[in-house]
Amino acid sequence: MVLGAVRWCLLKSCSSCGPSLRLMQRQSCSCIYSYSDGFNQQEIRDKLQAFPGGSVDLLKQDSGIAVLTINNPSRMNAFSGSMMVDLEEKVSQLEKWTDGKGLIVQGAAGTFCSGSDLNAVRAISNPQDGMNMCMFMQTALTKLQRLPLVSVALVEGKALGGGAELATACDFRLMASGSVIQFVHKRMGLVPGWGGAARLVRIVGSQNSLKLLGGALKVDHELGVQIGLADGALDASDPEGGAGSLLQQTENWLSRYTGGPALVVQAVKGVVLSGRELPLSEALRTEKDLFGTVWGGPANLRALDSKSKHK
C-alpha cells in the first residue's frame, strides 16, 4: 500500500540521504501502479522515446533552489514523448538531492505548458497506449508532488490541459499578470489523466473543481487567487530579466519558506506530506520520527542559544 510505504521509506537505511528525503522516496513503478496493472515502466519509456522533441531542463543552484524548465517553445512547451521521460528522470534526480530545499517549475519563452504534444497523442491514440501514458505521467507527477522540496509553479502565459495538471503537482502556484490556467480536457472529449483532477479537488474543493473541469473555465490570476488555485500574483512588467523578473520574484517569494538548513526544510515538507497522505495514526508516528531527526540537531541548538523563539 502506498501510504504504508511512507513510514517504511523513512526508516529505510540510507546513510547519504536526509531522513525526510527517505520518507518520500518511492520505487518509481510501485508507488501507484504495478506490473499487474499493465504498468511496465521500461516498455512505456521506450515507446514514449519514439516521439522526440523539446527537453525538460534542470538547474540546481547553490542556494538549494532548483529550476525545472519545460522547454519546447515551438509547441507552446507541450510535452513530447521524450519530454515525459525527461521529466521523470529529472524528478528522480531531485529525489536524491540532499542539499535541496526548493523547486521552481517554469516554462520556456514566456509560456508555461500546453499539455501533451498532439502529434504524439495522435500516434498513440489506441486505448492501451493512452492508459500507459496516463500511468507514466501520474507516477512522474506524484513523485514531483512528494519531493522533499518546497515547490512552486511559475505560471506565465498559458497552462493548458496537462500543463494545468503539472501546476497542481507543485505545492504552490504563482501566476503572472496575463497568465491563464485552463483545464481544457472536456473540449478534447477527455478528463484529466495525469492526476490533475484528484489534486485540484484537494486544492480548490469539489464545487470549484466541477466548475473548472465542466466549464473549461479560464482562470486568470485574480480568479486564481480568489479560489485558492493561485497563491499570489506576479508583476510581469520587467522584460529585461533583472531583479524584478518573474523568476527572481518567484525565488524571493519561495525563499520565505526555504530559509534555514536543508534538513529542517525537508522535515517540514515531510510532516505536511504525511499529514496529507497518511491515516492520522500513521501521520502521528511519522511526525514523531521526523521530530526525532531534528531535535537536538545543530539548527535546534543554535536556536536555543540565540533564544530565537521570542524574536
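Surface, cores and a strand residue in a predicted model

Met188 has a relative accessible area of 52% and is therefore exposed (over 50% is exposed, under 20% buried and anything in between partly exposed, with a 1.4 Å probe and protein chains only). The model is predicted, so that local features need pLDDT of at least 70 and side-chain atom pairs count only at pLDDT 80 or more, while totals for chains, interfaces and linings use all residues. Residues are numbered from 1 along each chain as its sequence is written, and side-chain values use heavy atoms, with hydrogens and water left out.

Met188 is located in the loop between strand 7 (180-182) and helix 8 (196-204). Helices (H or I, at least four residues) and strands (E, at least two) are DSSP runs numbered from the N terminus. Together with Leu118, Val121 and Leu190, Met188 makes a nonpolar surface patch of about 350 Å². Patches consist of residues with over 30% relative accessible area and no salt bridge, where nonpolar side chains (Val, Leu, Ile, Met, Phe, Trp, Tyr) are joined within 5 Å and like charges within 9 Å. A salt bridge is a side-chain nitrogen of Lys or Arg within 4 Å of a carboxyl oxygen of Asp or Glu. Accessible areas come from the Shrake-Rupley method with a 1.4 Å probe; for residues, only the protein chains shown count as cover.

The chain contains 14 helices and 9 strands, and 50% of its 311 residues count as buried. The largest nonpolar core has 48 residues, and Phe79, Leu87, Leu103, Phe112 and Ile181 have the most contacts inside it. A nonpolar core is a set of buried Ala, Val, Leu, Ile, Met, Phe, Trp, Tyr and Cys residues joined through side-chain atoms within 4.5 Å. Elements that each supply at least two residues of this core include helix 3 (41-49), strand 2 (65-71), helix 4 (81-95) and helix 6 (127-145). Helix 6 gives the most, with 7 residues. Another core, of 12 residues, lies apart from it and includes Val150, Ala176, Leu234 and Val265.

Thr69 belongs to strand 2 and counts as buried because its relative accessibility is 14%. Beyond its neighbours within four places in sequence, Thr69 is in contact (heavy atoms within 4.5 Å) with Ser55, Val56, Asp57, Gln106, Gly107 and Ala108. Thr69 and Ser55 are 14 residues apart along the chain, and their C-alpha atoms are separated by 8.3 Å.

Cys134 counts as buried at 17% relative accessibility, as does Cys170 at 3%. The structure holds 0 disulfides (pairs of cysteine sulfur atoms within 2.5 Å).
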